[in-house]
Amino acid sequence: MKDIQRALGDATDDGMLPQNVHGKIKAMEQTLGRIKRMHDGCSGAVNRLRTSLHSTEERLQSHRKDANYLAQLAAKSLPKGLHCLPLRLTNEYYSSNSNNKDFPNMEKLENPKLHHYAVFSDNVLAAAVVVNSTLVHAKKPANHVFHIVTDRLNYAAMKMWFLANPLGEAAVQVQNIEEFTWLNSSYSPVLKQLESSSMIDYYFGSGRARPGENPKFRNPKYLSILNHLRFYLPEIFPKLNKVLFLDDDTVVQQDLSALWSIDLKGKVNGAVETCGESFHRFDKYLNFSNPLIASNFNPHACGWAYGMNMFDLSEWRKQNITDVYHTWQNLNEDRLLWKLGSLPAGLVTFWNRTFPLDRSWHLLGLGYNPNVNEKEIRRASVIHYNGNLKPWLEIGLSKYRKYWSRHVNYDQVFIRECNINP
């Protein structure tokens with residue numbers, strides 16, 4: 001372009017042009033032609049890249065759904081060792097010649113002056129870790145009483161474990177939920193709903209998850225009454241005033257005795273709040289497009305954590321909390337208020353009845369967050385592997401497994417026979 005500008009100069013007619021100007025103009029035409037061809041080629045390439053990108057995004061979304069489905073499946077599948085353990089324990093329980101299959105220290109079970117723990121679990125090894133980790137840090141083990149409730153399938157195994165691994169001066173009780181004859185569908189709305197064909201179809205409809213449906217809806221725990229048993233603590237422990245509820249995916253790291261002396265100021269539930277992030281607010285659990293929810297709750301209110309909760313059973317009875325729970329469960333029969341799980345039910349039941357505990361008592365996230373601060377883990381009284389990545393699964397986060405596995409005696413005969421390794 002500069003060459004042509006210099007060749008043209010101030011010429012006003014053809015006679016003033018230099019002899020080589022026509023060659024330069026022809027070269028310019030060729031250059032412009034190449035530019036045009038390149039431009040058309042780039043446009044085509046851009047369109048092809050856009051098509052390829054769109055196709056890749058669709059495949060990525062499909063792979064993400066498949067990965068999420070497989071992760072949910074892996075999280076709920078039982079490893080061979082954990083399948084072997086209850087079978088081996090059950091066989092030992094029924095083949096044992098011993099007529100005495102009662103635990104020692106049974107007189108402590110209804111003593112309200114002692115520290116009582118409730119653990120509802122169908123996982124023998126997980127329940128054992130909760131108990132072991134609590135006792136190893138207890139300043140006065142004799143003051144601790146563990147109440148373990150399991151299902152009929154795991155009752156003999158759970159009982160055999162604690163018979164074979166006695167707790168010394170501490171007391172333990174293992175109960176079969178089938179023996180709670182008062183807990184039936186005529187009394188419990190949630191049990192009636194769980195037994196209904198519509199609820200079973202909702203969670204376990206034929207085939208894979210329906211389009212757009214989160215695969216966690218297929219999680220069997222939502223159909224297990226063990227998951228909802230926490231709302232019946234006063235009925236399970238009629239002689240007790242306070243109970244510390246622990247999930248079976250927790251590990252205790254300090255003496256918890258001080259929890260029984262905390263003044264809950266008339267509240268029923270002592271729990272650590274989880275409102276540090278927006279997704280832990282009420283509007284992430286409850287359907288605020290429903291006027292019943294919108295008129296009764298604050299969408300920006302802090303949620304709180306299940307997994308380590310101090311329940312004042314005296315206040316529970318005084319405030320008729322079980323009736324409150326039943327009322328909300330009946331209102332949510334068609335699942336329009338919340339979709340699943342025990343936490344939304346807990347949020348509405350214990351609304352304005354929850355006392356916030358110091359955050360150091362209960363640290364969450366070890367079952368899904370690879371970036372939990374190590375200092376916070378060491379400082380926490382109870383750490384919680386909430387999420388799919390449980391420490392007893394191969395998919396568990398290996399960096400956190402040590403806090404759990406240190407409370408498993410891998411030399412124990414049943415664990416060794418089932419080839420359960422760190």
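This is a predicted model: local features need pLDDT of at least 70, side-chain atom pairs count only at pLDDT 80 or more; totals for chains, interfaces and linings use all residues.
View 1. Strand β4, residues 242-246, pairs with β7 in the antiparallel sense. Five bridges make up this pairing.

**View 2. Strands β6 and β7.** Strand β7 also pairs with β6, which covers residues 269-271. The sense is again antiparallel, with two bridges between β6 and β7. G270 has M310 of β7 as its bridge partner.

**View 3. Side chains of strand β7.** Strand β7 spans residues 308-312, and five of the five are buried, so the strand is largely enclosed by the rest of the structure. Buried here means under 20% relative accessible area. In a regular strand, side chains alternate between the two faces of the sheet. In β7, M308, M310 and D312 point one way, while N309 and F311 point the other way. Residues on both sides of β7 are buried.

**View 4. The open sheet β5-β10-β9.** Three strands form this sheet, in the order β5-β10-β9, with mixed pairing. Its edge strands are β5 (250-252) and β9 (362-363), each of which pairs on one side only.

**View 5. Strands β9 and β10.** Strand β10, residues 382-384, runs parallel to β9 and is joined to β9 by two bridges. In this pair, L363 stands opposite I383 of β10.

Technical notes
Residues are numbered from 1 along each chain as its sequence is written. Side-chain values use heavy atoms; hydrogens and water are left out. Buried means under 20% relative accessible area, exposed over 50%, partly exposed in between (1.4 Å probe, protein chains only). Helices (H or I, at least four residues) and strands (E, at least two) are DSSP runs, numbered from the N terminus. Two strands pair if DSSP finds at least two bridges between them.
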